Amino acid sequence: MLKMVVCIKQVPMVSELPWDPKTGTLKRDLAEGMINPACRAALDAAVRIRESEGGEIVAMTMGPPMAEEVLREAIALGADRGVLLCDRRLAGADTLATSYTLARAIEKVCPDFDLILCGFATSDSETAQVGPQLAGALGIPGVAYVDEIELTGRTVRMQRLADNFLETLEMDLPGLITVTTGVHAPRHVPLGGLQDAFTGAEIETLDAKALDVDPERIGVKGSATRILNVYSPTSDKKNIVLTGTPKRIVERLFERFDDRIGGTIGKDLKSDKKKS
Amino acid sequence: MDFNPCMKHKVVRKAVRMFAEAELGPIAHDIDRNARFPWEVVEKMQPLHFFGLQCPKAYGGAEMDSISYAITIEEVSRVSAAVGLLLTVHNSVGVYPIVRFGTEEQKSRFLPEMARGDRIGAFCLTEANAGSDAGGVETIALKEGKEYVVNGTKIFVTNGGVCGTALIFAVTDPQNPQKSAGVFIVERDTPGFTIGEIEDLCGMRANPVSSLFLEECRVPEGNLLGRIGDGIRIGLVTLDTGRLGVAAQALGLAQAAFEDSVRYSKERQQFKKPIASFQTIQNYLADMATEIDAARLLLYRACSLKDAGKPFSAEAAMAKLYCSATASRVTNLAVQIHGGYGYSKEYDVERYFRDAKVTEIYEGTSEVQRMVIARAVLAQRT
């Protein structure tokens with residue numbers, strides 16, 4: 001039976017999330033969480049594969065206890081079971097520590113996996129690193145930014161857009177794929193499935209001890225990078241509205257910008273003005 | 001007493017909101033303007049169990065708790081109250097009476113198709129001379145052999161134009177309606193059953209509200225829900241549940257009008273300031289927020305009583321009375337905050353304003369809700 005693991009991340013629902021204009025950062029404490037859109041695409045891809053090939057889907061996430069929410073949602077969307085990696089010692093992990101932890105968890109929970117699916121990137125940090133790093137940590141081949149997946153026996157054929165070329169690649173299982181959001185519209189959550197996900201399904205929660213991980217390689221301790229600052233870029237551009245009669249507007253326009261307008265039309269308006 | 005939504009209810013809200021914003025958001029304005037029933041969205045809702053929200057799993061439903069149900073109706077109505085109306089009527093007064101009062105044979109015959117949304121349900125009580133007064137029903141069902149021959153006209157039937165299964169409230173003895181009322185399950189393809197013209201209404205225009213005509217309509221005796229004489233009781237119990245749905249629908253409308261008002265008042269500049277900086281507008285927003293919150297708590301309280309198997313009739317009436325009044329007041333203030341633009345069909349608040357009024361009328365008028373509440377209050381206190 002085909003065994004798939006889909007790694008998902010809970011990200012803030014940016015559309016619902018207010019910005020703090022003073023600091024330029026997201027007010028995360030007010031954030032509603034959701035499945036990262038690309039992770040949802042990865043889950044949808046796994047469900048499509050299972051529809052044609054059969055198999056089992058394990059949804060896995062690392063996060064605070066609240067992240068149980070996205071696992072329940074993943075079960076409603078078609079995952080067979082959910083695994084939550086939750087421990088204070090795992091907090092603050094960068095992509096290196098995250099991929100190390102996920103690799104150990106996958107070896108623990110689903111050692112005979114065939115295919116790992118991840119979103120190509122997350123909407124809250126956009127590094128696109130965890131998928132490829134996870135393939136490295138598991139010692140399996142990985143292909144990133146995949147749009148279409150077709151499985152034949154033990155071979156996956158994938159299509160992706162690379163520099164405006166459509167690339168077709170093949171990979172033998174076991175392997176890892178990161179999936180884009182470009183091609184398939186996300187499936188909606190079936191409401192019956194959601195009720196079942198909360199009444200019938202068990203979420204397996206594992207802490208650092210249960211994962212048997214090297215404490216030096218997880219969380220902040222195991223991270224090779226540090227985020228120093230997050231801010232939204234500001235721009236000092238502004239709109240100017242010129243008012244008055246058309247003649248007056250044109251005069252004002254040239255008073256303020258004659259050098260730039262002259263540059264565009266290839267004339268030195270200032271010297272023209274002096275001549276006349 | 002925990003006022004925080006549990007994880008399940010949060011996820012239900014998010015899932016329905018994402019569906020409604022993606023699938024209904026782009027068409028909500030158009031289906032109202034053109035009074036068009038959105039079959040294309042019905043097709044998308046069918047596999048997601050929107051037509052079997054509280055129907056047991058055994059018959060293909062989602063078997064939701066009542067708060068999840070209210071949240072679902074609220075979130076759909078926040079985007080399109082007319083589609084919210086389709087769902088609340090189908091689920092609470094179409095499917096629910098069969099779940100609650102049907103025999104095993106009736107349940108397995110009717111529920112799977114209804115829960116899939118292949119047959120849309122309607123509940124037909126109102127007639128030219130009967131509405132708040134259920135005893136005034138003139139539709140008559142006379143027994144002939146193993147059939148009832150039904151004759152009469154039903155008006156203002158929500159989902160009428162698209163219904164596949166109609167629950168018809170009729171009497172066998174017009175002289176004694178209380179003791180002879182019954183509810184008959186009538187399928188659209190029954191000879192003698194015809195659908196009248198679609199009503200041209202003020203709001204909820206995407207819902208095909210119509211008259212239904214029954215002329216010598218022969219209904220098998222196996223389609224009688226409960227027994228003859230149970231009609232009034234079935235009607236009352238059904239309407240208690242229906243009220244939760246209409247309250248949720250009104251709440252969704254109020255929420256939408258409130259959100260639009262907050263956004264607009266921050267954008268709209270007058271006297272070189274956003275109008276949200278003026279105390280009058282702030283007072284409006286404060287009143288809206290307070291009333292919506294109170295309405296929501298009343299509704300969820302009534303839902304949790306229902307799920308606990310406790311009496312909830314008066315509480316459902318309170319929730320319906322208050323949520324619908326809130327919808328009317330909040331949508332009215334929303335138009336006021338939007339000024340001239342709010343009165344224009346270009347802005348959604350104009351639609352919310354038209355849609356809100358009927359929530360004070362159908363599924364028991366506000367006057368009838370007060371009657372129900374007063375009865376409970378007078379029975380409890382000496």
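This is a predicted model: local features need pLDDT of at least 70, side-chain atom pairs count only at pLDDT 80 or more; totals for chains, interfaces and linings use all residues.
Me: How many of the 10 residues of helix α11 of chain B are buried?
Reply: Helix α11(B) spans residues 348-357 and is mostly covered. Its buried residues are B:V349, B:E350, B:R351, B:Y352, B:F353, B:D355 and B:A356. Of the 10 residues, the number buried is seven.

Me: Why is helix α5 of chain A described as largely enclosed by the rest of the structure?
Reply: Helix α5(A) runs over residues 191-199. Within this helix, A:L191, A:G192, A:G193, A:L194, A:Q195, A:A197 and A:F198 are buried. The helix is largely enclosed because the buried residues number seven of the nine.

Me: Against which helices do the buried residues of α5(A) pack?
Reply: Partners are found in both chains. Chain A supplies α2 (68-77), and chain B supplies α1 and α4.

Me: Which helix gives the most to the side of chain B that touches chain A?
Reply: The contact draws 14 residues from chain A and 20 residues from chain B. On the side of chain B, nine residues come from one helix, spanning residues 7-24: α1.

Me: How do the residues of the side of chain B that touches chain A divide by class?
Reply: Chain B brings 20 residues to this contact. They divide into five charged, three polar and 12 nonpolar.

Me: Is the packing of α4(B) and α8(B) roughly parallel or oblique?
Reply: Helix α4 (residues 66-79) and helix α8 (residues 231-267) of chain B have axes 7 Å apart, at an angle of about 45°. Angles under 35 degrees would count as roughly parallel, and 65 to 115 as roughly perpendicular. The angle therefore makes α4(B) to α8(B) oblique.

Me: What is the handedness of the crossing of α4(B) and α8(B)?
Reply: In the contact, residues of α4(B) including B:A70, B:I73 and B:V76 meet residues of α8(B), among them B:L244, B:A248 and B:L251. By class, the contact has eight nonpolar, six polar and three charged residues. The crossing of the two helices is right-handed.

Me: How far apart are the C-alpha centres of domain 1 and domain 2 of chain B?
Reply: The domain assignment of chain B places domain 1 at 7-119, domain 2 at 122-229 and domain 3 at 232-380. Between domains 1 and 2, the C-alpha centres are separated by 22 Å.

Me: Which element gives the most to the side of domain 1 of chain B that touches domain 2 of chain B?
Reply: The contact pairs 26 residues of domain 1 of chain B with 19 residues of domain 2 of chain B. On the domain 1 side, two or more residues each come from α2 (28-33), α5 (81-101) and α6 (104-116) of chain B. The most, 12 residues, come from α5(B).

Me: Is B:T172 buried or partly exposed?
Reply: B:T172 sits in the loop between β4 (163-171) and α7 (177-180) of chain B. Among the residues it touches are B:A141, B:L142 and B:I228. A buried residue needs 20 or more neighbours. B:T172 has 18 C-beta neighbours inside 10 Å, so B:T172 is partly exposed.

How values were computed:
Residues are numbered from 1 along each chain as its sequence is written. Chains are lettered from A and ligands numbered from 1 in the order in which they are written. Two residues are in contact if their C-beta atoms, placed from the backbone, lie within 7 Å. Helices (H or I, at least four residues) and strands (E, at least two) are DSSP runs, numbered from the N terminus. Ala, Val, Leu, Ile, Met, Phe, Trp, Tyr, Cys and Pro count as nonpolar, Asp, Glu, Lys and Arg as charged, and the others, Gly among them, as polar. Axes are lines fitted to C-alpha atoms, for helices over the stretch in contact, and angles run from 0 to 180 degrees between N-to-C directions. Angles under 35 degrees count as roughly parallel, over 145 as roughly antiparallel, 65 to 115 as roughly perpendicular and the rest as oblique. A crossing is left-handed if the near helix is turned anticlockwise from the far one by less than a right angle, and right-handed if clockwise. A residue is buried if 20 or more other C-beta atoms lie within 10 Å of its own, exposed if 12 or fewer, and partly exposed in between; C-beta atoms are placed from the backbone. Domain bounds come from an automatic or database domain assignment. Lists of a residue's contacts leave out its neighbours within four places in sequence.
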